Amino acid sequence: MNKRKHPVKAHITGNVWKITTTIGAQVSEGDTLVIMESMKMEMPVEAELTGTVVEIITKEGLPAKEGEVLLFIEE
């Protein structure tokens with residue numbers, strides 16, 4: 001069975017305030033993976049599917065544009 005990597009993207013433009021997951025973590029749909037900060041508001045980026053975090057592209061404190069890939073989940 002082929003495993004597929006799914007990108008998790010920023011849904012707003014802002015700064016990566018906190019990464020709440022690690023590579024190898026088992027995540028479920030709806031789990032918070034990253035917390036973005038924009039205009040003094042914190043916005044969670046959640047998993048859209050159940051799987052394993054296989055790659056984290058971003059780092060805490062870096063800016064991210066809406067639609068930018070933050071990490072990958074393998075189902």
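Predicted model: local features only at pLDDT ≥ 70, side-chain atom pairs only at ≥ 80, totals over all residues.
In soluble globular proteins, nonpolar side chains tend to be buried together.

Neighbours within four places in sequence are set aside here. Leu33 then contacts Val8, Ile19, Thr20, Thr21 and Val27, among others. Further along the chain, its contacts include Val45, Glu46, Ala47, Leu71 and Ile73.

## The open sheet

Four strands make up an open sheet. Their order is S5-S4-S2-S7, and they pair in the antiparallel sense. Strand S5 (41-46) and strand S7 (63-64) each have a single partner strand, so one side of each has no neighbour in the sheet. Strands of a sheet pair through backbone hydrogen bonds, either parallel or antiparallel.

## Pairing of S2 and S4

S2 covers residues 14-19, and S4 covers residues 32-38. Four bridges link the two strands, and the sense is antiparallel. Ile19 has Val34 of S4 as its bridge partner. Lys18 stands opposite Ile35 in S4.

## Pairing of S4 and S5

S4 pairs with S5 as well, again in the antiparallel sense, over six bridges. Met36 has Met43 of S5 as its bridge partner.

S4 and S5 form a hairpin with two residues between the strands. Within this hairpin, Met39 takes a positive phi near 50 degrees.

## His6 in strand S1

His6 belongs to strand S1, which spans residues 5-9. Is His6 buried or exposed? Its relative accessible area is 16%. The cut-off for buried is under 20%, so His6 counts as buried.

The side chain of His6 makes a polar contact of 2.9 Å with the side chain of Glu75. Residues up to four places away in sequence aside, His6 also touches Leu49, Leu71, Phe72 and Ile73, among others. Leu71 and Ile73 are also among the contacts of Leu33.

Terms used. Residues numbered from 1 in each chain as written. Heavy atoms only, no water. Pairing = 2+ DSSP bridges. Contact = heavy atoms within 4.5 Å. Buried < 20%, exposed > 50% of the residue type's maximum accessible area, 1.4 Å probe, protein only. Polar contact = N/O pair within 3.5 Å; in protein donor to acceptor, adjacent residues only side chain to side chain.
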